[in-house]
Amino acid sequence: MNGALQGARLATERGREGKLPAIAEFDSVGLRYGTGGEVLRDLDFRLTNGGFYFLTGPSGAGKTSLLKLLYLAQRPTRGRIRLFGEELSEAPRESLPPFRRRIGVVFQDFRLIHHLSAFDNIALPLRVAGATDEEVEGPVREMLAWVGLADRASARPPTLSGGEQQRVAIARAVINRPELLVADEPTGNVDAEMARRLLHLFTALNRLGTTVVVATHDVGLISATPSAEMIRLENGGVVDPTGLLRNPPPRHS
Amino acid sequence: MLGWLFSSAADRRLLGTSRFRGPMPWVIAIMSFSILIIAATGLALAGTAASLGEAIATRYSLEVPNGANDLGALLAALKASPGVDAVDAVPESEMRRTLERWLGPAAQSADLPVPALIDFDARPGTDLGAVERRVQAIAPAARIGAHRDRVAPLLRSMRALQWLAFGLVLLLGAAAASAVVLAARGALDTHRFTIEVMHGIGATDLQLTHLFQRKIAIDALVGSLAGAAAGAVVLLLLASGASFAGELTGGAALSAPALVVLVLLPFVLTALATWVARMAVLAALRETL
């Protein structure tokens, strides 16, 4: 979908609902794995387009499961999820790839393909979108420079440090300018200085219009981003005593 | 449609650069070798049966027990019959030599009643009843028999073997397809992580399938060509036997169309393997989100 059309649709939504346009809406969402109990229950919230969210909560609260729902790696077992204005809870799986291309994901364990170079790992989203080698070259070199790995383009992930792998993973997540960036414990494997730089990257992307959702335990990261909103998960449910997640206040940029 | 065959170097790197390490090229090579030999045997049998059938389609024998004395009159009667050509009498001396195998020196006795045997061609539409009546006027015990009736059991056996070869080719093709399915599943397991990552960043099933399809197609092509080459060597070594069989039936054992079929077999096997791999990979990917 081109930008103008999307802008028109978002404006229409804003007018119809009197709310900020939502990039994600969860409506009575529940998730269980197999025959086990629900790991997520009664999730009712919306993420506004262009927002910056921290997802927090104790271990086992369901943060990673919630992120999986967000980046379409999992379907809810009940309820509805709208992403980018489309109901995707029961959408045919063939229709999901175009939506996934609008989402960047930074995994806690990086999920880099070890037999590919840093360059090829970062180039993957562009190649999946159909870019040629010539079209890929410039943006990937630029991205490598942006994350400070210009001289490690041909290095394979096992030869990179944890921080370098993290930066490759982030570069891969953002190279196609996703509308939604989801990061799971992005500072879990890096030192304080790298964590600060990562946060700088995320806020920079957010200023460019990307909605950012970061699952983290890192209090330092959260306190360094006062403008971000919090989603706290406990026992599989969102704790939202003020109702701000359901009805977020107008954003002032 | 065949764009997947010409994927970029970057796409090819996704599944790693190792090739021909799995068992699939070897399995396909063995299948291709076996299929080629069996198909060649079946096609040679079919050719031989066709040549033999064609050669004897209009050939008949006139048999007269104890008719050696009437041989001249019978020959004259046959030659005078309309529609009858190529009349060849088996000489009495040859008949006696044949009988000698069973009777020993007694076969040369003048008291032995030696049958007359005359081979002839009858053009289609010839009234064989009239011919038989004419020779029976000379020798009432004369009987005309068609060569094709005598050779029919042999031809039936040859055709049964030909169908058996065809069935074996199908079975081997099915076995090769099963090996490809197993190889495709193995490849999917090996690259499960890559698939998850690719799916996660928006790759479609078709994009992923093309990667596997190409790799398996190349493995299958190399395996089937190698197997077919080995099969061709064996067939060439057997060529003297095949030409002997051809001489027996008066024609080539493997016709030009049969040779074309044999040349196409490895490519058909490759196409089958590629299609099966595609279906197997697509089916496996559909089980994921």
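In which handedness of crossing does α8(B) pass α10(B)? The crossing of α8(B) past α10(B) is right-handed, that is, the near helix is turned clockwise from the far one by less than a right angle. The model is predicted, so local features need pLDDT of at least 70 and side-chain atom pairs count only at pLDDT 80 or more, while totals for chains, interfaces and linings use all residues. Residues are numbered from 1 along each chain as its sequence is written, and chains are lettered from A and ligands numbered from 1 in the order in which they are written.

Helix α8 (residues 205-237) and helix α10 (residues 256-286) of chain B pack at about 150°, with axes 8 Å apart. Axes are lines fitted to C-alpha atoms over the stretch in contact, and angles run from 0 to 180 degrees between N-to-C directions. Helices are DSSP runs of H or I with at least four residues, strands are E runs of at least two, and both are numbered from the N terminus. The angle makes α8(B) roughly antiparallel to α10(B) (over 145 degrees). Contacting residues (C-beta atoms, placed from the backbone, within 7 Å) include F212(B) and I216(B) of α8(B) and L269(B) and A273(B) of α10(B).

The contact between the chains takes 14 residues from chain B and 21 from chain A. On the chain B side, α7(B) gives the most, with four residues.

In chain A, G79(A) lies in strand β4 (residues 78-83). G79(A) counts as partly exposed, because it has 18 C-beta neighbours inside 10 Å (buried is 20 or more, exposed 12 or fewer). G79(A) and S28(A) are 51 residues apart in sequence, yet 4.7 Å apart in space, C-alpha to C-alpha.

How values were computed:
Two residues are in contact if their C-beta atoms, placed from the backbone, lie within 7 Å. Angles under 35 degrees count as roughly parallel, over 145 as roughly antiparallel, 65 to 115 as roughly perpendicular and the rest as oblique.
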